[in-house]
Amino acid sequence: MTPWSQDRAFVAGHRGLLGSAIVRALANGNALDPLVRTRDELDLMDQRAVHTFFRENKPGTVFFAAAKVGGIVANNSYRWDFLYQNMVIEANVLGAALENGIERVVFFGSSCIYPRLAPQPISEDDLLTGTLEYTNEPYAIAKIAGLKLVEAAGAQFGKRWLSLMPTNLYGQNDNFDLETSHVLPALIRKFHEAAERHRAGDDAVVKLWGSGSVKREFLHVDDAALAAISLLDSGATGLYNVGYGSDLTIKELATLIAKIVDYPGEIEWDSSKPDGTPRKLLDSKKIRATGWAPSIDLEDGIRRTYDWYRSTLAVPAGKAG
Ligand SMILES: NC(=O)c1ccc[n+]([C@@H]2O[C@H](COP(=O)([O-])OP(=O)(O)OC[C@H]3O[C@@H](n4cnc5c(N)ncnc54)[C@H](OP(=O)(O)O)[C@@H]3O)[C@@H](O)[C@H]2O)c1
């Protein structure tokens with residue numbers, strides 16, 4: 001078999017947070033230019049188009065980083081969309097990969113596949129041992145279906161495909177839309193806009209959902225991309241957690257981001273709003289044993305992300321939609 005880096009890799013979801021990091025990492029590692037398609041060029045919901053694309057392009061490797069993704073509000077509000085779209089995309093891409101004999105597939109799920117009250121840190125063996133968090137259950141079920149397809153491709157057809165379950169990711173190309181974003185980029189935007197208002201003479205207060213006491217783990221997306229590439233290099237197969245190795249409370253995260261963006265004001269917590277799963281720290285021993293380790297410290301990673309946000313997206317306070 002050709003070394004995978006000499007094959008053309010298809011990066012599904014290349015404009016997203018993780019997909020774009022994989023494209024950057026492949027470019028840095030001198031792999032061949034990846035195959036990429038925008039949603040307009042190839043809608044992964046369209047089974048016929050996906051199968052035609054695989055037949056015509058025969059990628060050697062697939063980084064499957066396309067999905068309908070969102071934060072707690074989006075997950076809870078658009079329950080049908082998160083379940084239906086993710087199941088269809090997975091069936092189409094993994095089905096086409098199988099039919100076209102693709103040997104190297106990396107499928108990405110997320111830590112929300114594990115039970116709401118899983119023992120901490122959460123190991124790969126905790127999958128399907130308890131009840132899921134209700135707010136993101138449809139997304140989690142779709143992702144579990146995806147990793148079970150990967151597992152079944154191994155059991156029935158001998159495919160040595162990989163499933164990676166990263167913890168919460170952040171970094172360049174993150175989604176900063178407050179309707180659909182995850183907590184870390186949402187906090188960066190809220191604190192940035194409040195800091196701007198302070199500088200304009202307004203004593204803005206940042207109001208945040210929940211109690212702030214739940215704990216979360218955050219990994220820079222460039223580290224997640226390198227994890228996928230190094231696992232492919234090692235010839236590994238199966239399910240791997242990919243985490244930073246330590247977590248912090250949302251209150252601690254908010255304080256850190258307030259410091260980074262130089263927000264001088266108060267923070268108010270609305271405890272009547274849901275918190276989500278109390279804690280979600282991944283046990284990443286299995287991937288650590290392969291030699292991978294995160295290289296970007298949380299504070300440094302947030303500073304880089306904030307610099308990127310400021311230089312590309314931030315608009316003056318009052319104009320942000
Ligand atoms: N972000 C996190 O914190 C996190 C954590 C753990 C795991 N993950 C996993 O990593 C993967 C990628 O997440 P992400 O945060 O990078 O998401 P993202 O930024 O929303 O990117 C998702 C990408 O998928 C594409 N896509 C969605 N539906 C499509 C369709 N029907 N046809 C073609 N393209 C489609 C999107 O295209 P458009 O650009 O056209 O929208 C986008 O480029 C997901 O499987 C997610 O579960 C993410």
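Reply: A residue is called buried if 20 or more other C-beta atoms lie within 10 Å of its own, exposed if 12 or fewer, and partly exposed in between, with C-beta atoms placed from the backbone. This is a predicted model, in which local features need pLDDT of at least 70, side-chain atom pairs count only at pLDDT 80 or more, and totals for chains, interfaces and linings use all residues. Residues are numbered from 1 along each chain as its sequence is written.

Me: Which residues of H6 are buried?

Reply: Helices here are DSSP runs of H or I with at least four residues, and strands are runs of E with at least two, numbered from the N terminus. In helix H6 (residues 183-199), twelve of the 17 residues are buried, and these are Val183, Leu184, Pro185, Ala186, Leu187, Ile188, Arg189, Lys190, Phe191, His192, Glu193 and Ala194.

Me: What do the buried residues of H6 pack against?

Reply: Two residues are in contact if their C-beta atoms, placed from the backbone, lie within 7 Å. The partners of the buried H6 residues include strand S6 (206-209), helix H8 (250-261) and helix H10 (298-312), while just after H6 Gly201 takes a positive phi of about 95°.

Me: Where does pLDDT stay under 50?

Reply: pLDDT is the predictor's confidence in each residue, from 0 to 100, and where it is low, the predicted coordinates should not be read in detail. The chain has a mean pLDDT of 94, with 97% of its residues at 70 or more, but pLDDT stays under 50 over residues 317-321.
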